[in-house]
Amino acid sequence: LLLYKNYRNKYEGWVLPKGTVEEGEEYKETAVREVREETGVRASIIKYVGKSQYTFSTSHDVIVKDVHWYLMMSEKLGRPQREEYFVDSGYYKYHEAYHLLKFSNEKQILEKAYSEYTELKRSNLWGSRKYF
């Protein structure tokens with residue numbers, strides 16, 4: 001599930017849903033909430049995939065962000081969150097998503113998530129709820 005962000009034509013590209021942990025929230029709760037807020041999709045966590053880090057600059061500081069990623073399952077497509085400058089969203093096959101993603105760290109996470117998914121499929125565990 002990818003989102004297309006277009007922020008005043010300065011920041012543009014396909015990304016994975018992600019967001020900021022709110023006070024009193026665990027990483028898992030943040031992941032599910034942010035996917036729902038940014039995409040309108042109600043997803044269930046299957047398993048933890050890993051962590052990545054990125055930095056960006058503001059007019060006052062350099063911000064370092066840690067992102068915790070989860071392999072999730074969902075059934076329906078929602079609507080992208082316009083307030084966050086997401087103008088499109090969609091489900092894509094692995095190879096399509098890999099080539100669409102803007103950031104290399106998200107491509108690496110996608111690779112790992114896909115590997116976890118294919119291992120669950122190979123073990124006949126995907127969709128069985130045995131991994132919850």
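Student: Which elements each supply at least two residues of the lining of the largest pocket?

Tutor: Helix 1, strand 4, helix 2 (94–100) and helix 3 (104–122) do so, helices (H or I, at least four residues) and strands (E, at least two) being DSSP runs numbered from the N terminus. This is a predicted model, in which local features need pLDDT of at least 70 and side-chain atom pairs count only at pLDDT 80 or more, while totals for chains, interfaces and linings use all residues. Residues are numbered from 1 along each chain as its sequence is written, and side-chain values use heavy atoms, without hydrogens and water.

Student: Which element gives the most to the lining of the largest pocket, and how do its residues divide?

Tutor: Strand 4 gives the most, with nine residues, and the lining as a whole divides into 26 nonpolar, five polar and five charged residues.

Student: How do you know that the span of helix 1 is close to the expected one?

Tutor: The expected span is 1.5 Å times one less than the number of residues; helix 1 (residues 27–39) has 13 residues and reaches 18 Å from its first C-alpha to its last, so it is close to the 18 Å expected.

Student: What phi does Gly 40 take?

Tutor: Just after helix 1, Gly 40 takes a positive phi of about 80°.

Note on methods. Nonpolar A, V, L, I, M, F, W, Y, C, P; charged D, E, K, R; others polar.
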